[in-house]
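Please find below my notes on the model.

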Amino acid sequence: MNKTDRLLAIVLKLQSSGGLRAEDLAATFETSKRTIYRDIQALSEAGVPIMATPGQGYALVEGYFLPPLSFSSAEATMLLLGGQYIAQNFDDHYRVGAEAACLKIEGVLPPPIRQEVARLQGAIRFIATPTENSGLLRDLRRAVIESRRVRFRYYARHHLGSQEPPPGREADPYGLIFFGGAWYMTAYCHLRQERRNFRLDRLEDLHLTSATFQRPADFKLEQTQAEQGRDLTVRVLFDPTLTRWVQESQFFYITDEEETPEGLLVTLRVRQESDVLSWLLGWGGRVRVLEPFSLQERLLESAREILQIYQNS
């Protein structure tokens, strides 16, 4: 961090905390107390009203805040909660950025609003499972920014049970999407010769190649991109007792739900039957596939395999 950024950060830190000792500031900014003393002197000479209290450290004169941004308590709460949530789902580079942004927002709030925001933060929480693929995110973010082609192995659902690793493939990463609790890469797949979406936790052996690509001029990164390639329609009927739990599951491939006298009629759009096979098996005998007939046969075959395992044991 250069000196200018550190000086601004010290002011924001003092605004959000109410007062800090030199050793606290030194630990926060990973520098020496001597440097903090010089920074405080520089801020004072620039007109920032800093007061020093023996045993308590430095604080800003009451009523001083920089810059004069105006947030309501609701606006500030949503910004801070959103920033905290996003920080849990990005790689280290953007996590640090989100945390710094939250610090800046807290620093420019007037004391009454800051107190109200703290109260609301104590009553509302967005909790997400921290992402475990930050390395992939970092490398793919670089590939997207630099328009670099990537090479990787992708474990799709149809590889379930296979002892052989999937073949390597190359793709041009156009963008990254966080959807339904998981990260996806939208890319042009050279193996399939079409635009596809790849779930990051199914990627292995990722490498950036020296080849570059040109992103299509009409490309727009939207959630609807996640539906590309889902050309197969599946219709299933759930027992009425499962309606609440199916709706709660928010399964990625569901496109429509309808409550009928016979039960919950669910329509899904998938790329291949294996996308929903395991999910349907998890509901046991209280779900019936209406179409396609080939999926009925696959479920029946899976049920026979399960029965065979328990008969043999």
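Helices (H or I, at least four residues) and strands (E, at least two) are DSSP runs, numbered from the N terminus. This is a predicted model, in which local features need pLDDT of at least 70, side-chain atom pairs count only at pLDDT 80 or more, and totals for chains, interfaces and linings use all residues. Residues are numbered from 1 along each chain as its sequence is written, and side-chain values use heavy atoms, with hydrogens and water left out.

1. Pro292 sits in the loop between strand E11 (287-291) and helix H10 (293-312). The peptide bond joining Glu291 and Pro292 is cis, with omega about 0°.

2. In helix H3, the buried residues (under 20% relative accessible area; exposed is over 50%, partly exposed in between; 1.4 Å probe, protein chains only) are Thr35, Ile36, Asp39, Ile40 and Leu43. Seen down the axis of H3, these fall within an arc of 140° (taken from the directions from the helix axis to the C-beta atoms), so they line one face of the helix. The face turned away from the buried side of H3 carries the exposed residues Arg34 and Glu45.

3. Glu30, in the loop between H2 and H3, has a positive phi near 50° and is not a glycine. Glu30 is exposed, at 74% relative accessible area.

4. Asp205 belongs to strand E7 (residues 203-212). Its phi is also positive, about 55°, although Asp205 is not a glycine; the residue is partly exposed, at 45%.
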